[in-house]
Structure formats: structure tokens, C-alpha cells
Amino acid sequence: MKNRFQIAHVKEKIGYVLFFLIVILYMMPLVITFTNSFMSSKAVEANYSTGNLREDQYIEMEIVPEKVTLSQYAALLFDSPVYLHMFWNSVKIVLPVVLGQILVSASAAYAFTILKFRGKEVVFFLYIIVMLLPLQVALVPNYIVADWLNITDSYLAIILPGIFHPLGVFLLRQFMKSMPDAYIEAAKVDGAGYGRIFIWVVLPMIKHGIAAVAMLTLLDYWNLVDQAVIFIQNSEAQPLSIFLAQINSGELGMSFAGSCFYAFPVLLALLYGQDYLKNGIAITGLKG
Amino acid sequence: MRKKWALNLPWIMMIASLLGFSFFYLVPFFVSFLYSIVDNPINREFCGLSNYKQLLQNSYFMRGLKNTALFMAVSVPLNMVLSLGVALVIRNIKSYSNYFSLIFLIPLATPSATSAFFWQNFFGLHGVLNKYLSVFHVDGIDWLNSKYGMLVMVIIFIWKNIGYNMALFLSGLSSIPEEYYECADVEGAGWGWKLKHITLVYLSPTTFLALIMTFVNSFKVFKEIYIITGEYPPDSLYVLQHYMNNMFLSLNYSKLVSATYILTATIVLFVVCIFRAERKFSDHLHY
């Protein structure tokens, strides 16, 4: 009996060791990006450029740089205002989308929960279908609308469709389904109107869901590439994510610092919001 | 007066969302249908369904369709299984489990360009993988341009998206009452029995949600692939979005819209199936 217990114990230990190994492998891209951001631009270029390599030569991916320097960050932040400007462009796109998406989707989800009308489920089905479509499918529709509104070369062409994207409505409605009706009924009996019930009863109960929607939207739009390429012609108005996507082909030197710099705000949000995210995106399922 | 406004509030909210949704997605989507039945957007000569017919005979479109379907058929189930596995392990780790789950969430926050850059340098001809293989005297190949390209794509997708489902599963797991497991322990049930008869059963609503979200996310892997391989990737990596993107850039809206209608029809079919299955499944399950 004792022997069997020990074997089970050893098995468990081996399992954990394996898991830790996987976690370490899993983290490699992130670790490399972080440590290499302290390399000098010259060292990065020497390590990663493949132009002059023979068949049997390989790029050098060093986990720990030989010489630690902040020169990449210095170049990024102080040499030219372009990068900070692009960072600010990203903020200008993402912030309205996140705020608008929360406002619209929370209220729409509330309306979907409260109202009873014929065809409600059909409407919601349309929301789900649009939510599932890949970005490329929406390109032409987005372009048509931007053309109607005459906003093709402005952030609004990205922001407005972003605000009305159905993902938030879908997630928050699922979230509200798990909310007991009794709360709303009780508030009604107490004489609260729909506005008050929304603000004082429903919103506090779905705050995890709202935080999750905020974070998912943030992650999506902070990294946007395609829409910006299509709608923003002026290179100075591009968000930083575009610059990072182009860095791969040309300037290697600052790419790592740029990546870390750009990922930092989102990582911070993730660190604080991780519990919200975990509790928020798991909703009691797709009960229709 | 004030009361009346409050009574109408849910309708106002509904109409606001519906207007925005219709104006930015539904209406232009249906309007765009007109593009698909004319020969080109400038001439606007009616040509019936010939665009659709041409698409189904176009080798690029069919290749994209085939590769997308293959990619999803492999990566979606794989991601579901692996993320559930990770969630189960993390749930069993007593201390620091929050840090472990954070690690799996970080790739979501990493800029696509950053992860694309890493994977390019990992799987490239002069990349790290070949460097280690050369130690064992295995000749290096350009993995992305080889017949393993699809596999690399799956790995990148899993790496990025495991955390998303893991987060879903973790909170799904935390809603299963501990007593169920204790009961099973008393009865002497094994690990496999508990997984099959308790965990998977009570996790099924979460599983359906995870499936939907994995599906949504599986389209997004295109961003990384696009950054790595550009507009014209090797045949094995050519997915539907490449075709659409290229049609968009070459202003061939008629073909593009026809392609989106074919894809949308496929997705509608898929969603109807999923919802049917979900309803059947939850009817069996009595809460």
C-alpha cells in the first residue's frame, strides 16, 4: 500500500517537472524579447540579420545579452518624437473604442435581457454571426460605410465600427442570463425604474463581465494592423502597432525595446485585470 | 414625463445598438451583395452568379478554403484539449497558481509583430530550431516554406490562444461544487471517472462558449502569418484571408464580396449545427 502511494507521488512529481519545462518553453519568446531589449542596436543587428549567412550559419539568439544597455530605449524615447507620437495615436484609437464598446454593449445586453419581443432571438443570432466573421469579411462593408460618412482617412472609420462590434453584447448578455431575475423583480417592486435598475442593480453584478469585455477589446485594438493599413494613409497618423509590424523587415535595432514598450500598458492591464478576465469571460454558457 | 422616459429606456438602448449594428455591419453587408452580382464595381454590368461560379473554380480561392478548413479542423480541437489540460493542472497547483495562469495569458497581450518576429527567427532557415537540429546532424529546412508550414501555424496559434480558453475553463471549473469530487472519492472513483462523469459534464456550458471563442480567434492567426510571410505565402499557408486581402488590395471587390458570402454561409451553417448540438446536450443535462 505504502509502495503504491509512493509511486503515485513520484508520478505526480514527474508530471509537475514536465509542466514546469513546458511553462519555461512557453515563456521563451517573451523572455527573449525582454532581455534582448537591453542589447545595443548593433548587437541586435549582428545577431539577427540573415543577409550574409552561409547555409550552415545561424542567427544568434542570446537569452542574456553580453552587454546590458538602455540604448534601445533611449533611441525610442528621446531621439525622435515619432514613436511617442505613434503610441499616442494608438491611445487615441483604442480609448474611444473600449469606452464606447462598454457603453453600447452593456446597455444593449440589458435591453436584450429585459425586453420581450418577437424575433428577439433572430436579431441576437445576427449579432452572433457577425461576431464570428473574420475581419476580412467586414472590410468592404466597413469601407462602404466610411465612404458614405466621408471618413475614410480618419480614425472614426476604425472607431465607429469598433464601438458597435457585437462581441460585447454577446458576452454581456450571456453574463446577464446567469443573473437571478429575483434581483430585478425586487428592485421593480421597490419602485425603481429601468434606468435605476440598470445602474444600481445590473451594472454592479456584471462588472466582471464588463472588465472582461474591456480587456478583450483593448487587446484586439491595441494590436490592430489591417484596419490601419486600409484606412490611415498618412504615415504619421499610424498607430505604433503598424510600426512594429514593419520593423521586422527593416530596422531591427529597436524592435525589442519597441515591443516591450508597446506591450507594457497592456501587460499592466492584464496583471490587474486577470481575475476579472478569468471570472468575466466564463459565463454560464450558451443557454438560448 | 420622467417616468415615461425611464419606461422606454430599454427600447432606446436596444434601438441605439441596433441602429449602430445595422448601419455599420448589416446594411453595408447586404449592400455589398450588389458587388458580387456585377462584373466589376465600375462597369456594374449584371452578371448573375458567375462570380460565384468563377470563385469555385479558382484554384487560389479553393486552396485558401481548403487550408482554412484544415487549419481549423486541427487547431480548434487541439486548442480545446490542451487548454483544458493546462487549466486542470493549474487548478491542482496549490501555490502561485495565479502567476502560472498569468504566464499563459501574456501571449495574448504581446504585439503580433513581436511574436511573429520571434517565430520567424525560430523556424527560419537560419533559425534557432535548425541550429539545435544541426547538433544532431539534421539538415535544416525553412520550416514555414516546407510541408510542415501548417504545423508551424498551428503551434503559433496554440501558443497564443491557450491562455484564453484556459481562463474560461478555470472559472468554469471553479463553479463545480467540491462536494461532487468528495463524494466520488468516498465511492473510490478513479481520476478518469471523475474527469468523464463530473468535470466534463458540468463544464459543458463553458466548453460550448470556449468552442465559439476559439473559432473566432482562429481567424485571427492570420495576422501573425501575414506579418511573417507577406501577401504571397507558400501554398501550404495560403488561407482564405490571404485571398480576401489580396482581392481587396487589387480592388477586385466583386470577387472579394462573393468570397465573403460563401464564407458567411459556411459559418451560419456551422453555428446552426453548434447551437442544435448545444440544445440537445443541455436537454440531457438536468440542472
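Q: How is the packing of α4(A) and helix α11 of chain A described?
A: Two packed helices are described by the angle between their axes and the distance between the axes. Here α4(A) and helix α11 (residues 207–222) of chain A pack at an angle of about 145°, and their axes are 9 Å apart. Axes are lines fitted to C-alpha atoms, for helices over the stretch in contact, and angles run from 0 to 180 degrees between N-to-C directions. Helices are DSSP runs (H or I, at least four residues), numbered from the N terminus. The model is predicted: local features need pLDDT of at least 70, side-chain atom pairs count only at pLDDT 80 or more, and totals for chains, interfaces and linings use all residues. Residues are numbered from 1 along each chain as its sequence is written, and chains are lettered from A and ligands numbered from 1 in the order in which they are written.

Q: Which residues of α4(A) and α11(A) make the contact?
A: Two residues are in contact if their C-beta atoms, placed from the backbone, lie within 7 Å. On α4(A) the contact residues include Ser90(A), Ile93(A), Val97(A) and Gln101(A), and on α11(A) they include Ile210(A), Val213(A), Thr217(A) and Trp222(A). By class, this contact has twelve nonpolar, four polar and no charged residues. Ala, Val, Leu, Ile, Met, Phe, Trp, Tyr, Cys and Pro count as nonpolar, Asp, Glu, Lys and Arg as charged, and the others, Gly among them, as polar.

Q: How many residues of chain A are in contact with chain B?
A: 77 residues of chain A are in contact with 78 residues of chain B. On the chain A side, α14(A) gives the most, with twelve residues. The residues of that side divide into 57 nonpolar, 17 polar and three charged.

Q: How is chain A divided into domains?
A: Domain bounds come from an automatic or database domain assignment. Chain A has domain 1 (2–69) and domain 2 (79–280), with their C-alpha centres 34 Å apart. Their contact takes nine residues from domain 1 of chain A and seven from domain 2 of chain A. On the domain 1 side, α2(A) contributes the largest share, four residues.

Q: Why is helix α12 of chain B described as largely enclosed?
A: A residue is buried if 20 or more other C-beta atoms lie within 10 Å of its own, with C-beta atoms placed from the backbone. Seven of the ten residues of α12(B) (240–249) are buried, so the helix is largely enclosed by the rest of the structure. Among them are His242(B), Tyr243(B) and Met247(B). Just after α12(B), Leu251(B) takes a positive phi of about 60°.

Definitions and conventions:
Buried ≥ 20, exposed ≤ 12 C-beta atoms within 10 Å, placed from the backbone. Helix = DSSP H or I, 4+ residues; strand = E, 2+ residues; numbered from the N terminus.
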